[in-house]
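Colleague: I am new to this one. Please take me through a few of its features, briskly.

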Amino acid sequence: MYPNLYYAFRDLFGIEIPAFKILQTFGFFVAVAFLAGAWVLTKELKRREQLGWLKPVAETVMTGGPAGTGEYITNGILGFLLGWKGFGLILNWDTVSQNFQGFILSGEGSFLGGLAVAALLIFLKYNSSKGKKGTVAKKETASIWPHQRVPDIIVMAAIAGLLGAKVFHNLENWNDFVQDPIGALLSFSGLTFYGGLIVATVVILRYARKKQIGIKHLIDSAAPALMLAYAIGRMGCQFSGDGDWGIYNSAYITDTTGHVVQVAPAEFSSAVQRNITFFQQQYSDTAHIPHAAFPKPAALSFLPDWFFASGYPHNVVNEGVPLPGCDGPYCRVLPVGVYPTPLYEILACLILTGVLWAIRKKVTVPGVIFGIYLVLNGLERFFVEKIRVNTKYNIFGFHPTQAEIISFLMIVGGIVWIWYCRKKNAAVTTAA
C-alpha cells in the first residue's frame, strides 16, 4: 500500500522525492475523481446544450472598477493562511513531513511568514487595481450556459460531499465518535460515500433550481460522472489502505513479508491466537470474528492471490501487527487477509460507467439515466456490503448496515423515479 505518493514513487519507480510525503494517496485520488467527474459532466452538458435540451440563462455581472475592501480582506486572509502554514512547513520540514495532516490541523505555523504573504497578496491586488482607479463598475448582461457552471457545482459538491460523508460516517460509528468527537470530526479519514452523495445532491439541486438549470438533464448528465468519480475514489481507498475493506477471508493468512498465502481452514484460529492482542482490540468477542473462507477457485487460477485477500501492508491507518523488517510510520499489516472490497468496487463501477456512457444517447426520456444510475449503484453497493465490515442496526429482527439501507432505498427510489419520468414524458407527448 502507498500511504502517500512518496512511497508510491519509491516502490514503483525507485525514486525518492521527500516532498511527496505531503501528498496523501487517498487525497490525490479524491482530487482526480473530482476532476474526472467535472470533465465527464461538462462533456455531457455540452452535448445536451447542442441538442437544445438545455438553454443559457441571462445573468447580470459586474465589470470594471477598482478593487473593493472585501477583495483586500480576502487576499489578506488567504495570504496569511498560505504563509502561516507554508513557511511553517518549510522551516520544520523534517518534523512536519512525518505527520503532514496533524500539522495542517494544528495551531503550528510561521506567524511572520503569514504576515509576509498576506502583505504580498494585498500589494499585488492593489497594483493590479491601480489602472482601474477613476473607472466605475458597471452591470452587464451575459448568457451563462449550464456547462459554464460546472466549476461552481464541483466546488459545492466537494465541500457538501465531504461534510456529509464525515457526518454520516460518525453517525455510523457513534461509539468511536463519542470517545473523541473533535478528533473524529477533524480527522482526514472516515468518510461515507452515501452521506456525501445525499448532502451534495441536496445542495446542488437547490443551486440548479436557483440558476434555472433543467434538473432532469443535469442529473442525467451527472450519472456517468458520479459513477466514474466513485470508481476513482475507491482507488484511493485501495492503494492507501484506508481501512475500508471487507471481512477476513479465513482461507489466507499474511506471511512475514506482508504477502497473503493460502492455508487450511484450521489455520485461521491459529492465526487469531498468535495475534490475540490485535484481535482483542478489534472485537469484544474473539469467538465471533466476521470471516468467510474463499480460496482461489481453479477456474480463476490466473488471478493473483491479492485479488481474493489482502493484508494491506503499510496501510495508512496503521492497522494490524508490526511488519518485520520495517522501520517507519507505516509498518503494519493485517495478520489475516481481508476481502479487498475497494478493488471489487473499482472494477464494478468502471464497467457500470461504461454502461451508462453507452446508453446515454439511446435513453432520451429526461431523468431516466439518473434512475438507472441509482439502481445500478445501489445494487453494486448492496451486494458488496455482504462481505464488508460495518456497524449493523437492529430493525424488526433484521440487521442491515447503514449502506445497505441507503442502497436499498436507492434501488427502490431509482425504479420509482424511472416509472415517474416515463409516465410524465408520455403525458407530455400525448398532450403535444
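Colleague: How far apart are the end C-alpha atoms of residues 403-420?
Modeller: This is a predicted model, so local features need pLDDT of at least 70, side-chain atom pairs count only at pLDDT 80 or more, and totals for chains, interfaces and linings use all residues. Residues are numbered from 1 along each chain as its sequence is written, and side-chain values use heavy atoms, without hydrogens and water. UniProt, in an unreviewed entry, lists 403-420 among its "transmembrane region" spans; such annotations may be inferred rather than shown by experiment. The span is 100% helix and 0% strand, and its end C-alpha atoms lie apart by 25 Å.

Colleague: Where does helix 11 bend?
Modeller: Helices are DSSP runs (H or I, at least four residues), numbered from the N terminus. Helix 11 spans residues 215-240. The bend is the angle between axes fitted to the seven residues ending at a residue and the seven starting there. It is about 35 degrees, P224 follows within four residues, and the site is A223.

Colleague: How many of the 26 residues in helix 11 are buried?
Modeller: Buried means under 20% relative accessible area, with a 1.4 Å probe and protein chains only. Helix 11 is mostly covered, and the buried count is 21.

Colleague: Why does N275 count as buried?
Modeller: N275 sits in the loop between helix 12 (267-274) and helix 13 (276-282). N275 counts as buried because its relative accessibility is 18%.

How values were computed: Helix = DSSP H or I, 4+ residues; strand = E, 2+ residues; numbered from the N terminus. Buried < 20%, exposed > 50% of the residue type's maximum accessible area, 1.4 Å probe, protein only. Expected span 1.5 Å × (residues − 1).
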